[in-house]
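Biologist: I would like to learn how to read a model like this one, feature by feature. Could we go through it together?

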Amino acid sequence: MTSELITGIAELTTNAGSGPGDVDGNRIADAALVIEDGRIAWLGAAVDAPDADTRTDVGGRAVLPGWVDTHTHLVFAGDRSAEFEARMAGGRYAAGGIATTVAATRAASEEQLVAGARRLRAEALAQGTTFLEAKTGYALDVGGEARSARAAAEVADVVTFLGAHLVPAGVDRRDYLDLVTGPMLAAVAPFASYIDAFCEVGAFDVEESREVLLAGRAAGLGVRVHGNQLGESGGVRLAVELEAASVDHCNHLSDADVDLLAGSSTVATLLPACDLSTREPFPPARALIDAGASIALATNCNPGTSYTTSMAYCVATAVLQMRLTIAEAVWAATRGAAVAVGREHGADAVGSLRVGGLADLQVLDAPSVSHLAYRPGVPLTVGVRQRGERVTA
Ligand code: NIG
């Protein structure tokens with residue numbers, strides 16, 4: 001078991017403090033850290049650094065936790081750039097495009113699905129994403145959803161069952177709900193930790209979503225909800241009622257929705273890359289934070305509404321367009337996101353750097369995390385360690 005001392009850290013963001021405003025608890029200037037056996041053995045001011053077997057000097061750069069991306073749909077086949085182009089020419093996003101991906105995904109082999117998901121996972125990891133969730137939801141039949149769940153489990157840290165993404169063409173709604181809550185759930189549950197439902201006009205209403213989510217919970221899965229993306233769908237209310245881990249999108253919130261979230265344990269996961277690609281209004285992020293709600297940021301990587309794996313892009317957009325501070329955005333993409341997948345605490349906690357915790361971290365080619373928004377679009381992540389292992393320099 002060898003130890004490695006990392007020096008030359010101009011700014012170490014640990015996000016081990018009590019909240020994004022806890023500057024002293026979250027950041028150390030002129031820092032160093034020691035990695036041993038995939039975990040942080042020591043961190044603190046460089047002047048106090050202990051000896052170690054090897055030494056790496058990062059040359060005056062910023063170090064922060066790896067990104068925690070809690071909303072992706074990585075298992076799919078096909079391409080929807082034509083739909084994207086039409087939307088950029090003035091069309092509005094509607095859930096119907098999902099059917100295009102369902103057809104392509106059903107036609108692909110399991111090997112092709114795994115290969116596609118692996119490619120995106122590798123792309124995300126190289127950009128600093130050391131922990132990632134992936135959903136099913138582009139097969140919508142029993143065998144296909146089970147296949148997607150197996151593929152997701154190959155590449156993701158957490159798998160979510162999203163059979164309730166859309167009712168497939170030609171299938172009776174009631175029959176489909178019985179399938180999702182019966183044989184499909186039974187086939188997917190062994191691979192999944194969460195169940196999700198797209199609670200939206202054109203997808204599933206509140207009653208249908210509740211039925212699906214309760215069936216998943218009875219099968220031992222945690223609850224997540226796609227809510228209030230295209231309108232005030234009632235998804236947020238349902239998520240809070242069911243004490244969901246997270247309600248994702250949240251573009252269309254009433255004041256009552258904001259208050260409900262602020263008074264709940266449900267994290268509002270915001271997806272800025274999707275908002276840009278669908279031209280939906282941004283969620284009221286400032287109002288959520290100011291009211292006391294917990295938020296996370298995620299990519300929503302999928303071929304329809306958000307074909308990006310870049311958490312840095314989401315962080316920059318959240319700062320520049322949604323009026324988060326740098327500290328709030330970086331927190332929401334790391335520690336806040338860890339809350340949204342129940343991995344904030346414990347030996348395998350993610351999203352923060354602390355002694356004894358996992359050495360999941362990234363090095364920026366910049367002296368401070370502020371450069372993530374100050375230099376938007378520039379690929380600043382130049383080094384990634386996952387469980388201490390060098391992924392890139
Ligand atoms: O999170 N909103 C529902 N599901 C995905 C998009 C799915 C698609 O259009 O392919 C989302 O945006």
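Biologist: Which residues does UniProt list for "domain: Amidohydrolase-related"?

Modeller: This is a predicted model, in which local features need pLDDT of at least 70 and side-chain atom pairs count only at pLDDT 80 or more, while totals for chains, interfaces and linings use all residues. Residues are numbered from 1 along each chain as its sequence is written. UniProt positions are given in that numbering, with feature names shortened, and annotations may be inferred rather than shown by experiment. The unreviewed UniProt entry lists residues 63-369 under that name.

Biologist: How is helix α2 placed, buried or in the open?

Modeller: Helices are DSSP runs (H or I, at least four residues), numbered from the N terminus. A residue is buried if 20 or more other C-beta atoms, placed from the backbone, lie within 10 Å of its own, exposed if 12 or fewer, and partly exposed in between. Of the eight residues of α2 (residues 81-88), the number buried is zero, so this helix lies largely in the open. G90, which follows α2, has a positive phi, near 125°.

Biologist: Which residues are around the ligand, and how do they divide by class?

Modeller: A residue is near a molecule if its C-beta atom, placed from the backbone, lies within 6 Å of it. Those around the ligand include H73, H226, C274 and N300. Ala, Val, Leu, Ile, Met, Phe, Trp, Tyr, Cys and Pro count as nonpolar, Asp, Glu, Lys and Arg as charged, and the others, Gly among them, as polar. The shell has three nonpolar, nine polar and no charged residues.

Biologist: What does the domain assignment of the protein chain give?

Modeller: Bounds come from an automatic or database domain assignment, which here gives domain 1 (3-66 + 351-392) and domain 2 (68-340). Their C-alpha centres lie 29 Å apart.

Methods: Helix = DSSP H or I, 4+ residues; strand = E, 2+ residues; numbered from the N terminus.
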